[in-house]
Amino acid sequence: MKILLTGAAGFIGFHTAQQLLARGDEVIGLDNFSPYYDPKLKEARAAQLEGKNGFQMIRADILDRDAVSKAMKGCDRVCHLAALAGVRYAFDHPDEYIDINIRGFFNVLDEARKQEIAGMTYASSSSVYGGNTKMPLAETDRTDNQLSLYGMNKKDNELMAHAYHSLYGLPVTGLRFFTVYGPWGRPDMALFLFTDAILHNRTLQIYGQGKMQRDFTFVDDIVSGIVASIDKNFPEEVFNLGCGRTEELMDYVAAVEKACGREGKKEFLPMQPGDVVRTEADIAKAKKMLGFDPKTQIKEGVPRFVEWYRKYYGL
Ligand SMILES: NC(=O)c1ccc[n+]([C@@H]2O[C@H](COP(=O)([O-])OP(=O)(O)OC[C@H]3O[C@@H](n4cnc5c(N)ncnc54)[C@H](O)[C@@H]3O)[C@@H](O)[C@H]2O)c1
């Protein structure tokens, strides 16, 4: 298959590209190497992909409709992962979120409709569940209670995809990822920040007084769910992709300290606006319909990240 993969220089996009290429798909990556975090890391990921058989990277913005249109020509599927992905950055940059996560999403979706693409898979987020307290979080639960602009963006994406499926029959699958981590991970996420702080003898800033709980999902497991969604190409679905087990934040910190071989100094801070106390994914639907079977627990996944981090930064 020939697949347009937006956000291919990003954390999850990079791993997805590798998996698709490994099984012989053709991948057209589209990414603008946005400066939201160090573009050098995106360049380094792209360098791993460029030159591989079947891969092409197009450096373009999803807001550039012509570029999206050209990149999509002749593709069998679209996998749309490009977005501004951090919850907190939106507080100071709301306009960019509306532009990229709403208008940009529309550009990709509408172009897929126009070119009669056979199916589009896109990244949603556990953030659509917002302040829900009933656990585990299931696809059938209410999603009208977002606590962040980012969560609202992702809910809006799901609604837009639903409308496009209803109006034009475009097959659409939304994937609600739950806190993804692993090698080549994002510098704005907890695992990177904790590892960086410990290995540079800086204080770890721990929000929510360390009382938050998360369903942490290893990136290889997420990618297996993405690839299964592309292959199954259901008419219209939304799936939770999580590990299906929830960890205490302090157990996650302990796993990082163990992998780094030393303890970190800690500063406990209150919850940040937009944060949720707990996430716990109900993954029964993804298991049943996608054959999704997440295997990696934090005791294996965290050391794999730390090993990558040390090698990449020469520490
Ligand atoms: N990592 C997680 O835990 C997580 C959880 C839930 C949902 N998601 C979603 O998964 C997707 C991938 O996330 P990620 O963690 O790999 O983030 P990422 O920031 O590493 O990847 C996103 C990529 O999109 C690109 N991009 C941003 N704006 C663009 C634009 N205007 N035009 C073209 N490219 C643009 C960026 O340069 C980046 O390479 C996102 O949609 C994100 O919202 C991620």
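A polar side-chain atom of D61 sits 2.8 Å from a nitrogen atom of the ligand, and I call that a polar contact, meaning a pair of N or O atoms within 3.5 Å, where within protein one atom must be able to donate a hydrogen and the other to accept it, and where residues adjacent in sequence count only if both atoms are side-chain atoms. What we have here is a predicted model, in which local features need pLDDT of at least 70 and side-chain atom pairs count only at pLDDT 80 or more, while totals for chains, interfaces and linings use all residues. Residues are numbered from 1 along each chain as its sequence is written, and side-chain values use heavy atoms, with hydrogens and water left out.

An N or O atom in the side chain of Y37 is 2.5 Å from an oxygen atom of the ligand, and a polar backbone atom of V180 is 2.8 Å from a ligand oxygen. Of the 820 Å² of accessible area that the ligand has on its own, the protein covers 98%, with areas taken from the Shrake-Rupley method with a 1.4 Å probe.

Which residues come nearest to the ligand? Of the 29 residues around the ligand, they are I12, D31, Y37, Y150 and V180, where being around means having a heavy atom within 4 Å. This shell divides into 17 nonpolar, seven polar and five charged residues; Ala, Val, Leu, Ile, Met, Phe, Trp, Tyr, Cys and Pro count as nonpolar, Asp, Glu, Lys and Arg as charged, and the others, Gly among them, as polar.

Now to the salt bridges, each a side-chain nitrogen of Lys or Arg within 4 Å of a carboxyl oxygen of Asp or Glu. A search of the whole structure finds 19 of them. In one, the side chains of R59 and E43 meet at 2.9 Å, N to O, and this pair links distant parts of the chain, with R59 in strand β3 (residues 55-59) and E43 in helix α2 (residues 39-49), 16 residues apart.

Methods
Helices (H or I, at least four residues) and strands (E, at least two) are DSSP runs, numbered from the N terminus.
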